[in-house]
Amino acid sequence: MPSPPDSPAENPPDSPADNPAHNPADNPVNASDLVITGMSGAAEAARRLNAGGVVALPTETVYGLAASADQPAAIARVFAIKGRPVNHPLILHIAELSDLERWAIDIPDVALSLASICWPGPLTLLLRRSERVSEMITGGRDTVAIRIPAHALAQRVLALSGPFVAPSANRFGHVSPTTAAHVLADLAEFLDPHTDGVLDGGPCQIGVESTILDCTVTPMQILRHGGISAEEIEALLLEGSLEAASGPQRASGMLASHYAPRIPVRLVESDFEMRSAIAECGAAGQQISVIDLCSDLVAYARDLYALLRAAENSHSDVIIARLPTAAGLGHAIRDRLHKAAAPR
Ligand code: TXA
Ligand code: MG
């Protein structure tokens, strides 16, 4: 199964949504005022979502910035807070498989069967949207991306609030967050402790985003590699197979530069290349952060974003990261590393 293309989007994104109003400088946000925890925190998160606030919350993949699917003003704030172009559609998170038919139409049997096996879990299905889905969520497309997250706190919020949209809770283009502290570092200044919140559920278990599978085409296409691998999905298919994404770029994660730390990333494939790169950067007087968890891909996926963020917050001038083999979780890790290293 070849990887989706790494080429830049054919159509450059619209200009980012309007800058969100910062909280007044004379009343700076104390990050800890935003944090809520545990099942009581999940109930509070649902209350804030229902009241039109936005809440960052943990999923098994990465933290998402949630807004109720029925609150257009809150969805608009999600775009503004992230600085995300408004034509980049959002993933709808639902509580139950039985909710699917309210939000999607013409659902192929193979998609239903994958959903029944893989949900809750890190698989997002791209389907034809029902009338119920607002155009703000789909960026005006006739498709909608849907998943059920496998995290007890996210599920509790969903049970109490109903479906929510949730892009990764980072500023657009930056490294995705896998802890509440990452979310606060990117977004605290844009959140209001009276109406919004950050639900802290500890570090995310998987660490890379969900796999996005386009079920509106035959054969189905992987638009973004993620927490469930192409091989695992293929093994679940009784007939047919998967194809690499082709045609116009359809997911923002497919832009060449994404998931990018503030310092340059240099990629190596082998021990030999690693040694040469370290020698070269060292000779140039650069401080180096090395990222190489190739011997344990589960740990690599889980820790990748935290390591990229730690490196950019250190005194390092450059990150040298080793690419794993393109198999299993290695597809997603390679994809994120290539985008982190791409020219901005
Ligand atoms: O694991 C995840 O999927 C996380 C957690 C929070 O659930 N969410 C996440 O959302 O990664 P976000 O917005 O960072 O990435 C969603 C990707 C984007 O690249 C977006 O363009 C694509 O999904 N997407 C959403 N709806 C789409 C649609 N209708 N057609 C094509 N791509 C779509
Ligand atoms: Mg994202």
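These are my entries, from the whole model down to single residues.

**Ground rules.** I note that residues are numbered from 1 along each chain as its sequence is written, and that chains are lettered from A and ligands numbered from 1 in the order in which they are written. The model is predicted, and I keep to its conditions: local features need pLDDT of at least 70, side-chain atom pairs count only at pLDDT 80 or more, and totals for chains, interfaces and linings use all residues.

**Confidence.** I looked up pLDDT, the predictor's confidence in each residue, from 0 to 100. The mean for the protein is 91, and 89% of its residues reach 70 or more. Residues 1-18 stay under 50, and for this stretch the model has 44 contacts beyond four places in sequence; a contact here means that the C-beta atoms of two residues, placed from the backbone, lie within 7 Å.

**Overall make-up.** I find 12 helices and 15 strands in the protein, where helices (H or I, at least four residues) and strands (E, at least two) are DSSP runs numbered from the N terminus. Of the 344 residues, 46% are buried; for this I take 20 or more other C-beta atoms within 10 Å of a residue's own as buried, 12 or fewer as exposed, and anything in between as partly exposed, with C-beta atoms placed from the backbone. Among contacts between residues at least 6 apart in sequence, 74% join residues at least 24 apart.

**Core.** Next I looked up the largest nonpolar core, which has 94 residues; such a core is a set of buried Ala, Val, Leu, Ile, Met, Phe, Trp, Tyr and Cys residues joined through C-beta atoms within 7 Å. A56, L57, A66, L92, I146, V165 and L187 have the most contacts inside this core. Its largest share, six residues, comes from helix α11 (residues 297-312). Domain 1 (1-253) and domain 2 (265-341) both give residues to the core, so it lies between them; the domain bounds come from an automatic or database domain assignment. For L92, leaving aside neighbours within four places in sequence, I list contacts with A69, W103, V133, I137, V144, A145, I146, P163 and V165.

**Ligand 1.** Which residues come nearest to ligand 1? Of the 26 residues around it, they are T61, G64, P89, A145 and P167, a residue being near if its C-beta atom, placed from the backbone, lies within 6 Å. By class I record 12 nonpolar, 11 polar and three charged residues in this shell, with Ala, Val, Leu, Ile, Met, Phe, Trp, Tyr, Cys and Pro as nonpolar, Asp, Glu, Lys and Arg as charged, and the others, Gly among them, as polar. β6 (123-129) and β7 (143-147) each supply at least two residues of the shell, and β7 gives the most, with three.

The buried residues of helix α7 (residues 152-161) are L153, A154, R156, V157, L158 and S161. What covers them includes α2 (38-50), β2 (55-57) and β3 (64-68). Just after α7, G162 takes a positive phi of about 85°. I then turned to V78, found in helix α3 (residues 72-82), which is buried because 24 other C-beta atoms lie within 10 Å. Beyond four places in sequence, V78 is in contact with V54, L65, A67, V165 and P167.

- W119 and P120 are joined by a cis peptide bond with omega about -10°, and P120 is in the loop between α5 (109-118) and β6.
- T218 and P219 are also joined by a cis peptide bond, omega about -10°; T218 lies in the loop between β10 (211-214) and β11 (220-224) and is exposed, with 10 other C-beta atoms within 10 Å.
- D106, in the loop between β5 (104-105) and α5, has a positive phi near 50°, and counts as exposed because it has 11 C-beta neighbours inside 10 Å.
- Y259, in the loop between β12 (242-244) and β13 (265-268), has a positive phi of about 50°, yet counts as buried, with 26 C-beta neighbours inside 10 Å.
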